[in-house]
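Please read it alongside the sequence and the structure.

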Amino acid sequence: MELELKKLNEAVTSIHDEMFYLRERYKFMVSAYKFTGGIGVFDLVNNVSPCDLTGIGEIEMQVLTNETNTKMFTFSFLSILVCLSVAGLQLWHLKTFFERKKLL
């Protein structure tokens, strides 16, 4: 009898821990939805209850992908901006050089 009670207690503890884990995952899903502005992230698991969170890994990957895309866009934009400014400075320098040498 005591052994069965211990097994039941372990099962209840396991279920309790799993519910806390799923609740935290659900909070992450909602915060990810708010972070991305609701663009396509929440659609992966539409109408999800806190007890049925099978698509959370997909949502985490989608959030990571969106963050990475944003960072890469920013980096690419800054890189192009730097390249264009250096090209402008080179043209300005060549123009002043040739004007001083009276070749232009």
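**After helix α2**

Lys102 lies in the segment that follows α2. The model is predicted, and its local features are described on that basis. Lys102 has a phi near 60°, a positive value in a residue other than glycine. With a relative accessibility of 72%, Lys102 counts as exposed, because the cut-off for that class is over 50%.

**Annotated regions**

- The unreviewed UniProt entry carries the annotation "domain: GOLD" for residues 60–99.

**Aromatic pairs**

- How many aromatic pairs does the structure hold? There are 2.
- One of them joins Phe73 and Phe77, whose ring centres are 6.5 Å apart with 20° between the planes. This pair is stacked, because planes under 30 degrees apart fall in that class.
- Phe73 and Phe77 are 4 residues apart in helix α2 (residues 56–100), so about one helical turn separates them.
- Are Phe73 and Phe77 buried or exposed? Both are exposed.
- Phe97 and Phe98 also pair: their ring centres are 5.4 Å apart and their planes stand at 65°, so the arrangement is edge-to-face. The class applies because the angle cut-off is over 60 degrees.
- Phe97 has a relative accessibility of 33% and so counts as partly exposed.
- Phe98 is partly exposed as well, at 34% relative accessible area.

**Nonpolar surface patch**

- Which residues form the nonpolar patch on the surface? They are Leu94, Phe97, Phe98, Leu103 and Leu104.
- Together these residues have about 510 Å² of accessible area.
- Leu94 is part of helix α2 and is partly exposed, with a relative accessible area of 42%.
- Phe97 and Phe98, the two members of the edge-to-face pair, both belong to this patch. Their relative accessible areas are 33% for Phe97 and 34% for Phe98; both can be counted in a patch because membership requires over 30%.

How values were computed
Residues are numbered from 1 along each chain as its sequence is written. This is a predicted model: local features need pLDDT of at least 70, side-chain atom pairs count only at pLDDT 80 or more; totals for chains, interfaces and linings use all residues. Side-chain values use heavy atoms; hydrogens and water are left out. UniProt positions are given in the numbering used here, feature names are shortened, and annotations may be inferred rather than shown by experiment. Rings of Phe, Tyr and Trp (its six-membered ring) pair if their centres lie within 6.5 Å; planes under 30 degrees apart count as stacked, over 60 as edge-to-face and the rest as tilted. Helices (H or I, at least four residues) and strands (E, at least two) are DSSP runs, numbered from the N terminus. Buried means under 20% relative accessible area, exposed over 50%, partly exposed in between (1.4 Å probe, protein chains only). Patches are made of residues with over 30% relative accessible area and no salt bridge: like charges are joined within 9 Å, nonpolar side chains (Val, Leu, Ile, Met, Phe, Trp, Tyr) within 5 Å. Accessible areas come from the Shrake-Rupley method with a 1.4 Å probe; for residues, only the protein chains shown count as cover. A salt bridge is a side-chain nitrogen of Lys or Arg within 4 Å of a carboxyl oxygen of Asp or Glu.
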